[in-house]
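Dear colleague,

I am passing on the structure we spoke about, for you to look over when you have time.

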Amino acid sequence: MVAKKRFFVPSDSLRDLESTHIKSELSKELALFVPDDEDDEDKPNLSSSNIEPRQPETINLDSDDETKPKTSQRDNNNLHPSILYPAFERSIISILGNIPSKKIRQLYSAFSFQKDPVSLAIDRYFSDAEGARTPSQEHELTVEKKRQLPLPLTPVAANRSNVQTEITSETKDPLKRHIGSLTVYAWATRPTMRPLSRFQKLQLKRLIPRKLTGVKKSPSKFGDTAVIRLLTVPELANVDGREIGRLPEDLTRIFAPLLDLEVACFEATVVLDTTRRLSVGDSFCVQVDCFLTENAFESSIAASLNSGLTKKRKIDQSTRFNFATETESESVLRLRQTSLSRLFDKLGIVPFVLDDEEREGEEPNSSQSLSTIPDQLSLDQLKQFYKSNQHSKLLDSLPSTTRPSSSNFQVELRKYQRHGLSWMLAREKELGLLEQLSLLDMGDALSTQSRETIQQSNDGIMNPLWKSFKWPPDRSINKSSSVPQVLSGEYFYANLYSGELSMAKPMIKNAVRGGILADEMGLGKTISALALVSACPYDTEIDQSRGSPDSRNYASQTTLVVVPMSLLTQWHKEFLKVNANKNHKCLIYYGDQTSVNLSTKLCNIRKEIPVVILTTYGTLLNEYQSIVSRSIEVEGKQQLPREGLFSVKFFRVILDEGHNIRNRTAKTSKAVYALRLSRRWVLTGTPVINRLDDMYSLVKFLELEPWSNFSYWKTFVTEPFEQRKIKQTIDVVKSILDPILLRRTKNMRVDGELLVELPEKEVSIQEVTFNERERQLYDWFRVRASRVFKEGLKSGDLLRRYTQILTQILRLRQICCHMDLVGSLQQDFDEEVANGEEDLKSELDQFNQTAKPEQQDLFKTETEVKDALYPLYQSFTLETSECSICTQSPISIGELTLTTCGHTFCLKCILEHIAFQQRLSQPIKCPNCRASISKHKLFKLRNKITTKKDILFHNPTLTITKDQFEYEIFHYDPDNGSSKIQALILHLQQIQEQSPGERVVVFSQFSSYLDLIENELKVQGSDIFHVVKFDGRLKMHERNQLIESFNNDDTSPRVSILLLSLKAGGVGLNLTSASRAFMMDPWWSPSVEDQAIDRIHRIGQVRNVKVTRFIIQESIEEKMLKIQERKKQIGEAVGADEQERQKRRIEEIQILFED
Amino acid sequence: MAAGLPKRILKETERLMADSPPGISALPHENNLRYFDVKINGPGGSPYEGGVFKAELFLPEDYPMAPPKVRFLTKIYHPNIDKLGRICLDILKNKWSPALQIRTVLLSIQALLGAPNPDDPLANDVAQHWKDDEKGAIGVAREWTEKFAKA
């Protein structure tokens, strides 16, 4: 409290008091005041503060010792200097520090004959510093530096920021324009001698309390504790009035930062006569006229924001997750922003709305929503701001007849693809070309209107964060007749999210040539991209830039396409398929091919310049990594050595499966950013995979201003998202992307017609039951896992045990697939999994000891098996076989199971019967003949010719009537192998019987599981199953051969089976020759599975697609389905912050372990 | 409950309706296809001859792993059938096999009427009566048939 009172009495007025000349004048003024002790209190403080550097306007008594006698003499006597040089110099130096003596002399000669030369000199000094600066003035350089500090204070203020400060809003009279007026009740802080009268003008002064060390650390504080005083206007110009009152605190909070930043100024006028003289605490009514100053419209704020940001960016790179820390400049900006929007709110200034503008959904009380906390404001409002229909308007105006000239491109495009091509050309600003190519068919010129729309969209749109406001009519009391030139005009623009103001309409420059083609998978993004290349293969504007240093290495005829390795050949094939121009070549830049010198190959005037270069992310990354350490700094920018892909500037770069660069800090992303190019495209079917920030990297690659500035992105996307404003944030992102992103989905309808009529897709879940041993092993591990989980839950360190728990979960998932997977290396895993091999081994040993299988029902020897097996050939006929349990007849080869007594059943039925009897502890008997049976003594059939000779070879005593059988009987081991594989084989056998020659894809996320499946399928016989396996271990050319052999194998009656690792084959592959798929194991994220399925269910698929997902009953897989369901409902953990993710993970683990 | 009726039950029902064994009828309830109204004619030469015995048959969820449940609704004087109509028949208990069907069960029951087995009784008093005075017992059985099974 004491600190609050320690204000300086302005020294000017003290001096004035001493001046007898004006004393009489002042007496009237003084008479207003009843002397109070505040002045007395002030004095000792004044003298105690003399050690502190001082600020110019308030010169305190002690340092003025020498100047005082002189100033008192100043009068109008111009003959004598009012101050002697040494005293002047001392005063100046004490205030301004070490400035060149030359400067001091200059100042001295300029002002020594005037009254109060020190103040004048200081004013001049600073106004010079702010205005034209001469490099010779070294001190000013430091001032200059301080200016760049993004502090709210002017350099002057920055210099004196640790001193008490008093800014009079009227000291300088900046250009300003009235923005509104407020009537407020100020409260009197001193008694007055006379009542106040109407229209009495008051001075407005701003005080910053002494404790300013806090300013730097938390600028918000100074806004809070500041005081705005109202003073009487003295009759003499250079005499300060006396404080009579203060503005209410709420207004002070709003005004103070604006005053400090010189964004606004205020004039106060008494509007109601007070009936009596004021006592302390009385309120009196004043009108405060608010003005925005010229300063407010300076764009430096953005610059300071940016410079602050670049600095920050550097920090970001080292401490990656430090997004949330706010720099000083940012908080100052925030203060400005809050105050401005509050001021607007107080003044009732609402954005100007054009009548024809779409304003649907805007709340009528928008002023209210403006006032609240900035974040809330930004999002609610952005949503509305962003009702941008630009994108669809643009798209609608484009013809859907565009196609590349047939001399370049020989494939017919679908309608939406032609439409997309129009859009792409429009995005590349190839209007002429667009017109030309779309005319080919129709003879119908682009309407002028659509031309305009295209033009408009290219010119840019108003930055949607900004709103336009209409200047209100000047209702201030001292109406100025004219509006300053710089502030004239009917409208101004404000960004209430940053507090920026502008007189000029802030446009987002839509300078990006390119965009994101995010059509859903299967809509033919590759074709679309190649169509673009064929439509516009060369940079036609090359001549303009010839001669610039860049043009030497400008591959103006080449489009670089970066693709994942698995797609390289597919792209190449597609290119060959669509390309009709013999001169258009495609170069694969991969592996051995990377030794070509690109700059000679691409940039010289030769005939055979490849029009497309295909390369992989891996190649790009390799090259980048090999040269990045040698990058040199050129003009403050890192420049890579011009080698390989980085040796030239490409005409166009297309990133396929662009989500590969979703992590902006990943090296691959950096490599991509480092490419030089003039047009850029990203193709991706899934622009957002995990978090909205995934989009950022694409935006950065596209250099989409201002969003490619991470701070913008952070402010409007990351942070709001972390604050869980998920839906709104998504809307914001959508709107950011609207102009540059084109996404069509398969379900989209154009004129009521589906974009692509895909055959139906049926995904069904088949529940599979564990066999006994699997169940035992599973339960064994489940008990362990849930123990770890419960301990973790109890002790609260679940997350610390996270890896351990994940390991346990992984084991359970593996058992669901195949028991042999447990303990296999987890190279397939994204998840961090503790290895714990030894640990596992001992556990398995323990298990084996506890779970010894019952011995009695087993065949003891191989001979026993044979003795039981071969007679069975005579015991039944396949055609008349019947399962007495389900009455199925005949039973298919795959399902048919024989008991030792020679009766036939379906495997499923007989196993169910056995299990049922076991549960009842009944002896297990053949349903047909009541002979004892055992599940370990069952036989099955497989497709393999067995001859009479074969049988007699093993058992010569038998009488076999048939010469050969089309099956082989084998001993079925119920506990060996995996129930799922059994189930899969059953399906495959059925398929083989019903539609031989069918192609089937089998997905799993465990490539070691695929190995096991492969083995088991091969055992079934290569005459029925043709098995190929595609996983991450394949080399590129092997991949292609393999896909080739899968797609083109027509050696029916076999079933062609592709075993596909969910991870390796998730993207790009075109497997439309298959119409059946099996998902062996569930994945955490349903979208990954969907993506896999879409490899089959995509354009080109002509048959109905059937997908079967195997899920083990009563296992963790069922819980995983729950989690998938949950993810579908609440959305994937898109962009959730780390805490949220953890929370979700825990919740998910809880789901996994709930009973 | 009746959702997802196994194919086997449908098949059996169809066959029962199309080609019912002599002297036996079984009709499923419209609203519950696992529940059958059964009528069994007393076999010729038995004290039950001329009577029509109503019974209910229910296929439990486990069927055909578990046997159907059958109970006489008509009062019958028989050593292996108690007052409540419960039947003592091995294939309805531990001798059940999924290879058996509704049809075979009902035929077995019909056979049981023709060949009472007082050595494995359910209704002890009746069985005793049968052992002590077979003729008298058969007489009572006939009486009951007259009284209850010919309404």
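This is a predicted model: local features need pLDDT of at least 70, side-chain atom pairs count only at pLDDT 80 or more; totals for chains, interfaces and linings use all residues.

Residues are numbered from 1 along each chain as its sequence is written, and chains are lettered from A and ligands numbered from 1 in the order in which they are written.

Chain B holds four helices and four strands (DSSP runs, H or I of at least four residues for helices and E of at least two for strands, numbered from the N terminus), and from the N terminus on they follow the order α-β-β-β-β-α-α-α. Of the 151 residues in chain B, 37% are buried, which requires 20 or more other C-beta atoms, placed from the backbone, within 10 Å of a residue's own.

Towards the end of that order, the axes of α3(B) (residues 124-132) and α4(B) (residues 134-148) come within 5 Å and cross at roughly 130°, the axes being lines fitted to C-alpha atoms over the stretch in contact, with angles run from 0 to 180 degrees between N-to-C directions. In α3(B), B:V126, B:H129 and B:W130 meet B:E134, B:G136 and B:A137 of α4(B), contact meaning C-beta atoms, placed from the backbone, within 7 Å.

Between the chains, the contact takes 11 residues from chain A and 10 residues from chain B.

Best wishes

Definitions and conventions. Two residues are in contact if their C-beta atoms, placed from the backbone, lie within 7 Å. A residue is buried if 20 or more other C-beta atoms lie within 10 Å of its own, exposed if 12 or fewer, and partly exposed in between; C-beta atoms are placed from the backbone.
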